[in-house]
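Good morning, and thank you for the time.

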Amino acid sequence: MSELKLTDVSRWYGNVVAVNGVTMTIGPGVTGLLGPNGAGKSTLIHMMGGFLAPSSGTAVLDGAPIWKNQDVYRHLGLVPEPETAYDFLTGRQFVLAMAKLHKLADPGAAAERALARVEMQPAADRTIGTYSKGMKQRIKMASALVHDPAVLLLDEPFNGMDPRQRLQLMEVIRQMAAEGRTILFSSHILEEVERLAGHIEVIIAGRHAASGDFREIRRLMTDRPHLFTVRSADDRVLAAAIIADGSARSVRLGADGLEVEAVDFARFTWLLPRLARDAGVRLWEVSPSDESLESVFSYLVDR
Amino acid sequence: MNSTIAMITYRAMLGRRRALLLFVLPLLLLVLAAVLRVTGNADLDTTTNVLAVAVSTLLPLLALIAGTGVIGPEIDDGQIMYVLTKPISRTSVLVTKLAVAFSLVVAFAVVPGLLAGLIMSGTTAGVAPAFGAALLVGAAAYTPIFTALAVASRNAVTIGLLYALVWETLFSGLAPGAGAVSVQQWSLAVADALTSAHQVDSTVSLGAAIPLLLVAAVGGTFLGAARLRTLTIAGAE
């Protein structure tokens, strides 16, 4: 059981602050690092993986500093985001080379185990240059877990994968977490994180915005003023009914229907059909108009 | 030294199109030497001129290609992470890369240079072996400098070209003082000392050249290792 600990970590590049005073502890199980693109997720992972010195604060793995400490790699595996692996090697040669670099007792057997784990044995004798995105991701995964590390860091592992590959990789990650490993992966997609991570850390604009299990994060993200666009048989009557009820803060009557700012997401979505029925108005369309992750995130930041 | 890193590096260097450059330049030199020999134009003057060009052009170009090529592209595209996330000291990573680069420069610049000299004028006045030695010490100085440069800067190739072609070739001719800071002149000092031919000349004395060559070789290695130890991989963001 290993624990990765960041204490008041900041990182800046010149005048630009990429990560600002982040404190978090990553323990066994799957942790999702969630945030929009450019939030500082990669910078954080690079500091956890020893590729970047924190400008201030400390990053330690089981008490040992990570920066300038090559021994942490005996217990830590890292799957970097760039797609490139040594394209001219076959998958098997690549994973075997990584096993040798770890100076494992039986690199051949370790490489085969890792290849089997990500189900890449059938394609292991093709060069990496011929692989699809999903296969490259899996061979990178195999290279990162060839030494059976207690901690695994994955930078945007699902990027560019098709749904089937995504499920497959999620399954591998789940299995490894079940064995007591500490796994952290980054993503900008809430659904991915929600399906896989037992614990979620949200990073926005370099700051640690929220932390908790997915229910808490989901609640934080949905429990906020929501904008809906509503079209109905009689917008005017429906607007009056919504305002009278009090679950919405404002209703704007526009040419394309109503714009409703709901105060309570759950109550509003439950109530709207009833209101419409009672008022005798037929609903044609109800659509959330600000569901982009950025607007969700910006709400969290301003909170 | 690490044999796995060396294997990957050799494959990366020799398996790509860039490898053609490694082959083409020394081949041109050998063909030129053979033509001069066959046509009876390979006197001592011509030999020293051709070999001086090998020292001033072929050697720095190949040292630049090999010295930066063994590590620069890997840092640029982030692949170096696969090597650096291993319990191997970064000094050992750098020394391995450097050894691979040096062996390539020896194979593609030093050996062809020596052969070209021998083809043109045999061992007359010791010119060919003298230039062989100059190429060897030059390779030992250039390669660590260019490898360190590749670790330190993404513009290593440009900076290296400016140094080798503009500084060493152009300025050394204009201002003799610039020759004091020139691997090319230090190497020629070695050639000068080893041959009785009067055509070989350097602006630097052997007594100054040898310590300077050592400083370049050792200093480049240490700087490269120090830079690699604190190498930060910029985020994709």
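One convention is needed before the first point: a helix axis here is a line fitted to C-alpha atoms over the stretch in contact, and angles between N-to-C directions run from 0 to 180 degrees. Please also keep in mind that this is a predicted model.

Let me begin with chain B. Helix 2, residues 19-38, and helix 3, residues 44-69, of chain B have axes that come within 10 Å and cross at roughly 175°. Angles over 145 degrees count as roughly antiparallel, and helix 2 of chain B is therefore roughly antiparallel to helix 3 of chain B. Which residues of the two helices meet? On the side of helix 2 of chain B they include B:Leu21, B:Leu25, B:Leu29 and B:Leu36, and on the side of helix 3 of chain B they include B:Val50, B:Leu58 and B:Ile65. By class, this contact of helix 2 with helix 3 of chain B has 14 nonpolar residues, 1 polar and no charged.

I turn now to chain A. Its secondary structure amounts to 10 helices and 14 strands. Along the principal axes, the C-alpha atoms of chain A fill a box of roughly 75 × 45 × 35 Å. The domain assignment divides the chain into domain 1, 4-216, and domain 2, 223-302, and the centres of these two domains of chain A, taken over C-alpha atoms, are separated by 40 Å. Of the 303 residues of chain A, 42% count as buried. Among contacts in chain A with a separation of 6 or more, 67% join residues 24 or more positions apart.

Within chain A there is an open sheet of 4 strands, with order 2-1-4-5 and antiparallel pairing. Strand 2 (16-26) and strand 5 (64-65) of chain A each have a single partner strand, so one side of each is left without a neighbour in the sheet. Strand 1, residues 4-13, pairs with strand 4, residues 56-61, of chain A in the antiparallel sense over 5 bridges. In that pairing, A:Leu6 stands opposite A:Ala59 in strand 4 of chain A.

A further antiparallel pair in chain A consists of strand 9, residues 199-204, and strand 10, residues 207-212, joined by 5 bridges. There, A:Ile203 stands opposite A:His208 in strand 10 of chain A. The hairpin of these two strands of chain A has 2 residues between the strands, and A:Ala205 takes a positive phi near 50°.

That brings me to backbone torsions. Most residues other than glycine have a negative phi. A:Asp8, although not a glycine, has a positive phi of about 50°; A:Asp8 lies in strand 1 of chain A. Is A:Asp8 buried or exposed? A:Asp8 counts as exposed, because 12 C-beta neighbours lie inside 10 Å and the cut-off for exposed is 12 or fewer. A:Lys68, also not a glycine, has a positive phi of about 60°. A:Lys68 is found in the loop between strand 5 and strand 6 (76-79) of chain A, and is exposed, with 11 other C-beta atoms within 10 Å.

Finally, the contact between the chains. Here 28 residues of chain A are in contact with 22 residues of chain B. On the chain A side, helix 1 (41-48) and helix 2 (91-101) of chain A each supply at least two residues. Helix 2 of chain A gives the most, with 4 residues. By class, the side of chain A that touches chain B has 13 nonpolar, 10 polar and 5 charged residues.

Key: Residues are numbered from 1 along each chain as its sequence is written. Chains are lettered from A and ligands numbered from 1 in the order in which they are written. This is a predicted model: local features need pLDDT of at least 70, side-chain atom pairs count only at pLDDT 80 or more; totals for chains, interfaces and linings use all residues. Angles under 35 degrees count as roughly parallel, over 145 as roughly antiparallel, 65 to 115 as roughly perpendicular and the rest as oblique. Two residues are in contact if their C-beta atoms, placed from the backbone, lie within 7 Å. Ala, Val, Leu, Ile, Met, Phe, Trp, Tyr, Cys and Pro count as nonpolar, Asp, Glu, Lys and Arg as charged, and the others, Gly among them, as polar. Two strands pair if DSSP finds at least two bridges between them. Domain bounds come from an automatic or database domain assignment. A residue is buried if 20 or more other C-beta atoms lie within 10 Å of its own, exposed if 12 or fewer, and partly exposed in between; C-beta atoms are placed from the backbone.
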